[in-house]
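Let's take a walk through this one, starting where two chains meet and ending at a ligand. Keep the viewer open as you read.

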Amino acid sequence: MTTRIVELRRGILKKNDELAAGLRDRFTAANVLVLNLVSSPGTGKTAFLERTLRELLAQGSLAAALVGDLETDNDARRLAASGAPVRQINTHGICHLEAEMVGKHLDGWELAALDYLFIENVGNLVCPSSYDLGEKIRVALLSVTEGEDKPLKYPTLFNSADAAVITKMDIAEAVGFDREAALRNINEIRPGMRIFETSAKTGAGLAEWLGYLQEQRANQAGS
Amino acid sequence: MHELSIVSSIVDSVTESLARYPGARVIGVRLRVGALAAVIEDSLQFCYGIATDGTPLAGSTLVVKTLPVVVHCSRCNVDGAIESVQSFRCPHCGELAMDVRQGREMEIEAIEIEEAEVDA
Ligand SMILES: Nc1nc2c(ncn2[C@@H]2O[C@H](COP(=O)(O)OP(=O)(O)OP(=O)(O)O)[C@@H](O)[C@H]2O)c(=O)[nH]1
Ligand SMILES: [Mg+2]
């Protein structure tokens, strides 16, 4: 018997990364801006997305959504009420979406006809951060009720995000939300990241967010 | 808890690379994991025993090397390891640093195998 060391130097999630790179190429070729929304359970991803889809459709943009959920299709039904095409991805117990699941759920959709595709990830602040879905923009959401130090507790996720959305601003005062601390903590983990302070209930901050989407889409088209 | 999916990917990857070493048995697997990779070593070790059972990796040891998070400071124009993942600042001047150069890695660095004797 002889033993030897074989150098592999191979990414553990190489398969996912390759599939994600393939998706990213498809999205770029179709000129659709893809966003991956990540947060804890109950932060308000679906509510924020419902509102975003409605506003986009109202301004004449074409947007679609994929939504990951462990078992139910409740979120997909809520989102579909906006009039946008929506598909549910049941992960059956898996705590995050993977590029392969996204790829499978695109069948039959004409990507080139879309302006935006939103992917609502499974509510979880740990696992989704390791899995690239081919998105252009990763959005980390944080509600005013879940603690201003969330970014410090989950630095991996917040550091991998491109934009942050603070949700439920309408109840910020009632829950004693410390806005300065939240902004400081996000900036400490991901310096310079764009931060949107929003409420799906009142529509606060939505105009700024929609402006950002438009700007990012223009960037993508120009690149 | 996504450590089980991570370990399954390791098993698939290593099994695939074993194709070039027929009859070989895996003794050890060495990983390089960045401090920002959101992987917990205890959970990895726990899942490893379960996921390798009945595979060519059964009984092998898993060694995890953790890599610190390194940022590039645009003010000092140098790379440096941050002191804590709660604060992305240049260790030299304290300026916020958004350019992460190391720390997200999740890779199989090498495997140690025992090869079967080849009959002459
Ligand atoms: N006051 C207030 N409540 C909100 C707002 N957005 C969401 N909520 C409430 O927060 C709860 C969770 O909202 P969802 O949109 O389902 O949250 P989610 O992040 O999609 O949850 P999961 O998909 O289960 O992870 C619901 O009861 C919403 O009505 C908001 O802007 N203001
Ligand atoms: Mg939801």
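Before anything else, a bit of bookkeeping: two strands count as paired if DSSP finds at least two bridges between them, and strands themselves are DSSP runs of E, at least two residues long, numbered from the N terminus. Also keep in mind that this is a predicted model.

With that in hand, look at where A:Thr2 sits: this residue stands opposite B:Glu115 in β6(B). The pair belongs to a pairing that crosses from one chain to the other, in which strand β1 of chain A (residues 2-11) and β6(B) run antiparallel and are joined by eight bridges.

Now zoom out to the whole interface. How many residues of chain B are in contact with chain A? There are 39 of them, touching 31 residues of chain A. Together the two chains bury about 3,300 Å², with 54% of that on carbon and sulfur atoms. B:Glu115 turns up here again: along with B:His2 and B:Gln86, it supplies 15% of the area chain B buries against chain A, more than any other three residues.

What about the polar side of things? Across this interface the rule finds five salt bridges, and it also finds 17 residue pairs in polar contact, both partners at pLDDT 80 or more. On the side of chain B that touches chain A, the elements giving two or more residues are α1 (3-17), β1 (25-34) and β6 (106-115) of chain B. The largest share, 10 residues, comes from β6(B). Sorted by class, that side of chain B has 21 nonpolar, seven polar and 11 charged residues.

Strands β3 (residues 70-73) and β4 (residues 78-81) of chain B run antiparallel, joined by four bridges.

Over in chain A, have a look at helix α2 (residues 45-58), where A:Arg51 and A:Glu55 lie four residues apart, about one turn of the helix. These two form a salt bridge, with their closest N and O atoms 3.5 Å apart. Over all chains, the structure holds 26 salt bridges.

Last stop: ligand 1. It is surrounded by 18 residues, the closest being A:Lys45, A:Thr46, A:Ala47, A:Asp170 and A:Ala200. A backbone N or O atom of A:Ala200 lies 2.8 Å from an oxygen atom of the ligand, while for A:Thr43 a backbone N or O atom lies 3.3 Å from a ligand oxygen. A:Arg78 uses its side chain instead, with an N or O atom 2.9 Å from an oxygen atom of ligand 1.

Key. Residues are numbered from 1 along each chain as its sequence is written. Chains are lettered from A and ligands numbered from 1 in the order in which they are written. This is a predicted model: local features need pLDDT of at least 70, side-chain atom pairs count only at pLDDT 80 or more; totals for chains, interfaces and linings use all residues. Side-chain values use heavy atoms; hydrogens and water are left out. Contact means heavy atoms within 4.5 Å. Buried area is the accessible area (1.4 Å probe) that two parts lose on being put together, summed over both. A salt bridge is a side-chain nitrogen of Lys or Arg within 4 Å of a carboxyl oxygen of Asp or Glu. A polar contact is a pair of N or O atoms within 3.5 Å; within protein, one must be able to donate a hydrogen and the other to accept it, and residues adjacent in sequence count only if both atoms are side-chain atoms. Ala, Val, Leu, Ile, Met, Phe, Trp, Tyr, Cys and Pro count as nonpolar, Asp, Glu, Lys and Arg as charged, and the others, Gly among them, as polar. A residue is near a molecule or strand if one of its heavy atoms lies within 4 Å of it.
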